[in-house]
Amino acid sequence: MGKTIRNIFLPVMLLLISAVSCASAESIGKIDYSAPSSWAYFAEGDDRPADLFLICPTVDMGSGGNLNMDISDEELRASFTGALNMERGIYEDVTVMYAPFYRQMTFPVYEKMIAEEGRHLEIAYCDVEDAFLYYINNLNGGRPFILAGFSQGAQLALMLLEEYFDDEDLQDRLIAAYCIGWKVTEEDLEKYPHLKMAESDDDTGVIISFNSEAENIDGSIIVPQGVRTLSINPLNWKTDSTYADRALNEGACFTDYSSAVTSETPHLTGAYIDPGRGTLRVTDVDPSDYSSPLFPDGVYHLYDYQFFFRNLQENVALRTASWLEAHERTSLRNAS
C-alpha cells in the first residue's frame, strides 16, 4: 500500500507517514477544510475548557448505488448534521465542537463487509485525516481535546489514533477517545502499542469503546462471529465481566435530529461485558422493543449512545476535569 508524507504542527513540524494511500480521494478532488462550510460544526460553543473533534456515523444508505456520500447533497448534509446532533448533548457542556463533512462510506459497504479495505475506506479516511490535520494545525492552538465517533465515525477515529497518536505531544493533549460502536481488538493494540484502552472512569489519553448486544447475539457486521473486541462498561467503568445493575444507569436518552431529548428513562438497563466476545451484553430490555430494519433484533448498535447517555455525559465531564487537574498539578510543580 502506498504512503504519503504530510506535515503537522504539534507545536513543532513533524513528518508523519500516512498508513492509507490517498490516491483515490485525491483523484476525485480534495475538500477545502479552511472553509467553514466544509464543517457541520465549526467552533461551536464558547468558553469551554476543551475541544471536540467529532466524526459522524453512517447516514447515507446508498439508495442510489453510491458507495461514498456526496457531501454537496443538501438533504444528506442535513441528515449528517442531524446524526451529530443526536450525540452532541454528551459533549457540548465542556467542549468547543468541530465536526467535518466527509465522503463517508455508505451502508452497503458495511453490508458487503468491505468497510476495512479498498477505495471507499480510503476516500472516507483521507477526508477525515485532512480535516483533523487542518484542525490541529490551524484551530486547536494547543488545547486539550476529545476525539469521538460512533460506528463509522469510531472506525475512522481509531485509524487516526493508530496513525498519529504515537506523538507524545498529541497524545498528551488527548483527554480521551470515545470510539463507540466499532471493534478494538488485542491485535490492534499489538500492532499499535501506543493505543491504551480505558481501565477506569477517569483515566485520560485512553480509548472508551463498547458494542451493545442482547445476550443471545453471537455475531454482527460490527463485531463478526469469532472476533473478540475490547470494551469498558459505561455503567460501572470496569473492563471485566462484573454485572452492572440497572440502578447504575443514570438515564437512557432518546434524541432527535434537533438534539432534543424526546424521552428519558432512568435505570432502563443493566449491562455486563461478555468474557468471550468482549461485547456489552444489555439486560432488562426486550429486543423487539428496539428493533431496526438495519440490524437483527438484539444488535443494539443504534442505541450504544442512547442507552447510556447520561452516564457518558457525566464521564466526559469527569475525564475532562481529571485531565485539567492533572495538568494544573504538573504546571504548579514545574513553576516551583
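Reader: Is Tyr 110 buried or exposed?
Author: Tyr 110 is buried, with a relative accessible area of 5%. Buried means under 20% relative accessible area, exposed means over 50%, and partly exposed is in between (1.4 Å probe, protein chains only).

Reader: What kind of model is this, and how are the residues numbered?
Author: This is a predicted model, in which local features need pLDDT of at least 70 and side-chain atom pairs count only at pLDDT 80 or more, while totals for chains, interfaces and linings use all residues. Residues are numbered from 1 along each chain as its sequence is written, and side-chain values use heavy atoms, with hydrogens and water left out.

Reader: How many aromatic pairs are there?
Author: A search of the whole structure gives 29 aromatic pairs. Rings of Phe, Tyr and Trp (its six-membered ring) pair if their centres lie within 6.5 Å; planes under 30 degrees apart are stacked, over 60 edge-to-face, and the rest tilted.

Reader: Which arrangement do Tyr 110 and Trp 182 have?
Author: Tyr 110 and Trp 182 form an edge-to-face pair, at 6.1 Å centre to centre and with 80° between the planes. The pair links distant parts of the chain, 72 residues apart: Tyr 110 is in helix H3 (residues 107-111), and Trp 182 is in the loop between strand S7 (174-180) and helix H7 (186-191). Helices (H or I, at least four residues) and strands (E, at least two) are DSSP runs, numbered from the N terminus.

Reader: And Trp 182, buried or exposed?
Author: Trp 182 counts as buried, at 5% relative accessibility.

Reader: What about Phe 132 and Tyr 164?
Author: Phe 132 and Tyr 164 form a tilted aromatic pair, 6.4 Å centre to centre with 45° between the planes. Phe 132 lies in helix H4 (residues 118-139) and Tyr 164 in helix H5 (residues 152-164), so this pair ties together parts that are 32 residues apart in sequence. Both Phe 132 and Tyr 164 are buried. Ring pairs also link them into a cluster with other residues, including Tyr 33, Trp 39, Tyr 135 and Phe 165.

Reader: Which charged residue lies over the face of Trp 182?
Author: Lys 183 does, at 3.9 Å from the ring centre. A charge sits over a ring if NZ of Lys or CZ of Arg is within 6 Å of the ring centre and within 35 degrees of the ring normal. Arg 88 lies over the face of Tyr 41, at 5.0 Å from the ring centre.

Reader: Changing topic: how many disulfides are there?
Author: The count is zero, where a disulfide is a pair of cysteine sulfur atoms within 2.5 Å.

Reader: Which residues have the most contacts inside the largest nonpolar core?
Author: They are Phe 53, Tyr 91, Phe 132, Leu 147, Leu 161 and Tyr 178, in a core of 104 residues. Such a core is a set of buried Ala, Val, Leu, Ile, Met, Phe, Trp, Tyr and Cys residues joined through side-chain atoms within 4.5 Å. Its largest share, nine residues, comes from H4.

Reader: What does Tyr 91 touch?
Author: Not counting residues up to four places away in sequence, Tyr 91 touches Leu 52, Leu 54, Ile 146, Ala 148, Tyr 178, Tyr 305 and Val 316. Contact means heavy atoms within 4.5 Å.

Reader: Where is Ile 175?
Author: Ile 175 is in strand S7, and it is buried, with a relative accessible area of 0%. Ile 175 and Val 206 are 31 residues apart in sequence and 7.5 Å apart in space, C-alpha to C-alpha. Leaving aside neighbours within four places in sequence, the contacts of Ile 175 include Ala 50, Phe 145, Val 206 and Trp 323.

Reader: What covers the buried residues of H2?
Author: The cover includes strand S3 (39-44), strand S4 (50-55), strand S5 (95-100) and strand S6 (145-150). Among the buried residues of H2 are Leu 76, Phe 80, Leu 84 and Arg 88.

Reader: Where is Trp 237 found?
Author: Trp 237 is in the loop between strand S9 (212-213) and strand S10 (252-255). Trp 237 has a positive phi of about 55° although it is not a glycine, and it counts as buried at 12% relative accessibility.
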